[in-house]
Amino acid sequence: MLIGTIPPSLGNLVALKFFSIRCVERPIHGIIPSTFMRLVNLQTFRLMNSGVSGWEDLASIQLPNLEILEIAMNADLVGDLTPLLKSTPKLNTLDLQSSSK
């Protein structure tokens, strides 16, 4: 179980293709660390119902293989996703339902 913030060390898992967290009881919080820009093989990123408030250094994140981005039900999530969307040419699914203030 992950409690607290997303550890920056997850960015060291450069072969990671699938990242999925659905918070139920104790949501994680804070920001998504900039170390996620190292996850160039990531194809799916799901973060549902968390207390995450944004991305650290979103402009520098490059996820060229990302196909699915689901960050629904994140009421505290703020910020412009345009830089991220420009760096994801393979993106075919985007779910932002009930996210952002």
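This is a predicted model: local features need pLDDT of at least 70, side-chain atom pairs count only at pLDDT 80 or more; totals for chains, interfaces and linings use all residues.
**Exercise 1. Contacts and fold order**

Work out what share of the contacts in the protein between residues at least 6 apart in sequence join residues at least 24 apart.

Solution. Contact means heavy atoms within 4.5 Å. Among pairs at least 6 apart in sequence, 62% join residues at least 24 apart. Residues are numbered from 1 along each chain as its sequence is written, and side-chain values use heavy atoms, with hydrogens and water left out.

Next, list the elements. Helices (H or I, at least four residues) and strands (E, at least two) are DSSP runs, numbered from the N terminus. The protein has one helix and six strands. Their order from the N terminus is β-β-β-β-β-α-β.

**Exercise 2. Overall size and surface**

Compare the radius of gyration of the protein with that of a compact globule of 101 residues.

Solution. Take the radius of gyration over C-alpha atoms; the globule rule is 2.2 Å times the number of residues to the power 0.38. For 101 residues, the rule gives a value near 13 Å. The protein has 12 Å, which agrees with a compact globule. Now check the extents. The C-alpha trace spans about 30 × 25 × 20 Å along its principal axes.

Accessible areas come from the Shrake-Rupley method with a 1.4 Å probe, and for residues only the protein chains shown count as cover. The protein exposes about 5500 Å². Carbon and sulfur atoms supply 54% of that area. Buried means under 20% relative accessible area, exposed over 50%, and partly exposed in between (1.4 Å probe, protein chains only). Of the 101 residues, 39% count as buried.

**Exercise 3. The salt bridge**

Solution. A salt bridge is a side-chain nitrogen of Lys or Arg within 4 Å of a carboxyl oxygen of Asp or Glu. R46 pairs with E70, and their closest N and O atoms are 2.6 Å apart. R46 lies in strand β3 (residues 44-48) and E70 in strand β5 (residues 68-70), so the pair ties together parts 24 residues apart in sequence.

Check accessibility. R46 is partly exposed at 24%. E70 is buried, with a relative accessible area of 14%. Leaving aside neighbours within four places in sequence, E70 touches F45, R46, L47, M48, T93 and D95.

**Exercise 4. A residue of strand β3**

Decide whether T44 is buried or exposed, and list its contacts.

Solution. T44 lies in strand β3. At 9% relative accessibility, T44 counts as buried. Not counting residues up to four places away in sequence, T44 touches K17, F18, F19, L66 and I68.

**Exercise 5. Positive phi**

Determine where M73 sits and where S98 sits, then give the phi of M73 and of S98.

Solution. Start with M73. M73 is in the loop between β5 and α1 (82-86). M73 has a positive phi of about 60° although it is not a glycine. At 35% relative accessibility, M73 is partly exposed.

Continue with S98. S98 is found in the segment after β6 (93-95). Phi of S98 is near 60°, a positive value in a residue other than glycine. S98 is exposed, with a relative accessible area of 52%.
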